[in-house]
Amino acid sequence: MRRSKINYYLDIAETVLQRGTCLRRNYGAIIVKNDEIISTGYVGAPRGRKNCCDLGYCVREKLNIPRGERYEMCRSVHAEANAIISAPRSEMIGATMYLVGRDAKTGELVSNANSCSMCKRMIINSGIRTVIVRDTKEEYRVINVENEWIEQDESLDGIFGY
């Protein structure tokens, strides 16, 4: 049986995450429009800076910062941000982002993965219409950016993490 197109693109995003350099969680993101991959991104330090895997430690882990909080302490640029940085906005308007996360220590898929608040803002401004997040090898969630991240603005609720 032929693989569904959504899982095909999620498989590609999962391959991209293998380039990640985070010691906690690695994500892979791809942006697709009209059945064409526009851009890819993975978690890693800004160009020229040492990655956490090269340093041998994670600052957020050292400080016991919980998942979804205090991303200004992270050395890395997130997969979503790296994919957006590498794509022209005109190509992202109406596009879909596919996102997959794995725990760096266990290799397990990140349960209930979601974009952080900073990445959500970048996705909104980029014009991406839909984000699809892998939950299991076959299951995924489809996020309508307009309905779930713009109209339901969690930043007004004072909720931290995800």
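Here are some notes for a first look at this predicted model.

1. Start with the overall build. The protein chain has seven helices and five strands, and reading along the sequence gives the pattern α-β-β-α-α-α-α-β-α-β-β-α. The radius of gyration is 15 Å, close to the 15 Å that the globule rule gives for 162 residues, so the chain is as compact as a globular protein of that length.

2. Next, how the chain meets itself. Take the contacts with a separation of 6 or more: 68% of them are between residues 24 or more positions apart. As for cover, 41% of the 162 residues count as buried.

3. Which residues touch the most other members of the largest nonpolar core? They are Tyr27, Ile31, Ile84, Met97, Ile123, Ile128 and Val131, out of 23 residues in that core. At least two core residues come from each of these elements: strand S1 (25-33), helix H4 (79-85), strand S3 (96-103), strand S4 (130-134) and helix H7 (145-150). There is also a second, separate core of ten residues, with Ala13, Ile30, Tyr98 and Ile132 among them.

4. Neighbours within four places in sequence aside, Met97 is in contact with Ala29, Ile30 and Ile31, with Glu80, Ala83 and Ile84, and with Ile123, Ile128, Thr130, Val131 and Ile132.

5. Is Asn7 buried or exposed? With a relative accessible area of 4%, Asn7 is buried. Its contacts, once neighbours within four places in sequence are set aside, are Arg134, Lys137, Glu138 and Tyr140.

6. His78 is another one to find, in the loop between helix H3 (59-62) and H4. His78 counts as buried, at 15% relative accessibility, because the cut-off for buried is under 20%. Not counting residues up to four places away in sequence, His78 touches Tyr42, Val43, Tyr71, Cys116 and Cys119. For a sense of distance, His78 and Gly94 are 16 residues apart in sequence and 21 Å apart in space, C-alpha to C-alpha.

7. Last, a spot of backbone to check. Most residues other than glycine have a negative phi. Asn34, though not a glycine, has a positive phi of about 55°, and Asp35 has a positive value as well, near 65°. Where do they sit? Asn34 is found in the loop between S1 and strand S2 (36-42), and Asp35 lies in the loop between S1 and S2. Asn34 counts as exposed at 72% relative accessibility, while Asp35 counts as partly exposed at 46%.

Terms used
Residues are numbered from 1 along each chain as its sequence is written. This is a predicted model: local features need pLDDT of at least 70, side-chain atom pairs count only at pLDDT 80 or more; totals for chains, interfaces and linings use all residues. Side-chain values use heavy atoms; hydrogens and water are left out. A nonpolar core is a set of buried Ala, Val, Leu, Ile, Met, Phe, Trp, Tyr and Cys residues joined through side-chain atoms within 4.5 Å. Buried means under 20% relative accessible area, exposed over 50%, partly exposed in between (1.4 Å probe, protein chains only). Helices (H or I, at least four residues) and strands (E, at least two) are DSSP runs, numbered from the N terminus. Contact means heavy atoms within 4.5 Å. The radius of gyration is taken over C-alpha atoms; the globule rule is 2.2 Å times the number of residues to the power 0.38.
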